[in-house]
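Please read the points below with the model open beside you, and check each one against it as you go.

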Amino acid sequence: MLINADLHLHSKYSMACSNKMELPVMAEEAAKKGVDLVATGDCTHPLWLKEIKKASIDDETIAIGKTNFIVTTEIEDSSRVHHLLLLPSISKAEELAERISKYCNLEADGRPTVRLNGCEIAEIAKDIEALIGPCHAFTPWTALYAYHDSLKSCYGDMTDYISFLELGLSADTDYADRIEELHRLTFLSNSDAHSPWSNKLAREFNQINVPEPSFEGLRKAILREEGYGVTYNAGFYPQEGKYNESACIKCYTHYSLEQCQELKWKCSNCGGLIKKGVKDRVNELANFDTPKHPQHRPPYIHLMPLSEIIMTALGHASINTKGVQTAWIGLMERYGNELNVLLNAEIGEMDFLDKRVSNAILAFREKKLIIHPGGGGQYGHIEIPKETADKEEITPKKSQRSLFDF
């Protein structure tokens, strides 16, 4: 069976997270996005673990409405590298909490910071039969390639146990497959959402062929056993991510790698720190000038949050304005979920919308939107070409293909 899964997000007990990051809200919002399987996140936090237990059907099954949950957590190691763990059950989450409690304060943050290195965390993951891989692997903060030049440098003797890599918002498959050591790994694209709203939760997700929406089904897919696996990754264009290009973390001025080196990573505009972007970091690590995809690598589908497309089309400053919300809710009521709107719905049937919105959706599908790259912690932003925005209506191409055809 094919499911859509977002395997990395956080609870209300993690720092800088919305207090609406509660399981019922996450379940409801995931259904609106067309996502079937969602990470619990933060499974070692004592209070959150109680809420996970309350929502559970049994030790291995957590479901609210149509949404299933997989037990997960993100852990920060002693070098500030973040690791994603996917766990088989609630009892294994309790075992993990007990194992790491001597190295951290579990109540301090939903994402624990432990006095262990990557190899030691991977050893614990193996002991409890969890899957593990690096989170947002290329970002310049708290990531594998921010502090290491190889998987081996981070995971040591446990490198072979690492089964997946999370691409992060500023990278896609084409970026990662320029690095030869990553070819054996399954790539995941997840939201790392800190709030449940439509522009955050499932802004990146994975379509996965599984025997069932459970940990065991997910394990078979990530390990590519019995013909199961990820059928496509979906997420941002890398330029949309907030660390795509090298840029100042204060004024967000962008620089080439050569300029950064000449300036010794100090902004010539304001004196702030220039943070190396994912694009430049991949160029440093790359074994190939162009990506070489292994045979098992699925397509990567580039998406944008529907609410942000609507916001840009209408010229509004926020996704929470009445105009944006009215259009978004109208689309949800008619088409069921956000993915259907972005990928499948007939443009000609959207006559209830402001023409600027339906034109923008079609422009997205036909890759006509202009992306201004992010950097230094500021997200990239999209622009609708003036000739597109000014048209009364765009006539869709008759041979338009659904992205779900992959």
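**Notes on the cores and the domain contact**

1. The largest nonpolar core has 82 residues, and Phe138, Tyr145 and Leu182 have the most contacts inside it. Such a core is a set of buried Ala, Val, Leu, Ile, Met, Phe, Trp, Tyr and Cys residues joined through side-chain atoms within 4.5 Å, where buried means under 20% relative accessible area with a 1.4 Å probe, protein chains only. Because domain 1 (2–237) and domain 2 (239–285) both give residues to this core, it lies between them; the bounds come from an automatic or database domain assignment.

2. This is a predicted model, in which local features need pLDDT of at least 70 and side-chain atom pairs count only at pLDDT 80 or more, while totals for chains, interfaces and linings use all residues. Residues are numbered from 1 along each chain as its sequence is written, and side-chain values use heavy atoms, with hydrogens and water left out.

3. Leaving aside residues up to four places away in sequence, Phe138 touches, among others, Tyr145, Leu165, Leu182, Val278 and Val282, contact meaning heavy atoms within 4.5 Å. Apart from this core lies another, of 38 residues, including Ile310 and Leu339.

4. The centres of domain 1 and domain 2, taken over C-alpha atoms, are separated by 28 Å, and their contact takes 15 residues from domain 1 and 16 residues from domain 2.

5. Between domain 1 and domain 2 the count is 1 salt bridge, a term for a side-chain nitrogen of Lys or Arg within 4 Å of a carboxyl oxygen of Asp or Glu. The side chains of Arg281 and Asp149 meet in a salt bridge at 2.6 Å, N to O.

How values were computed: Buried means under 20% relative accessible area, exposed over 50%, partly exposed in between (1.4 Å probe, protein chains only).
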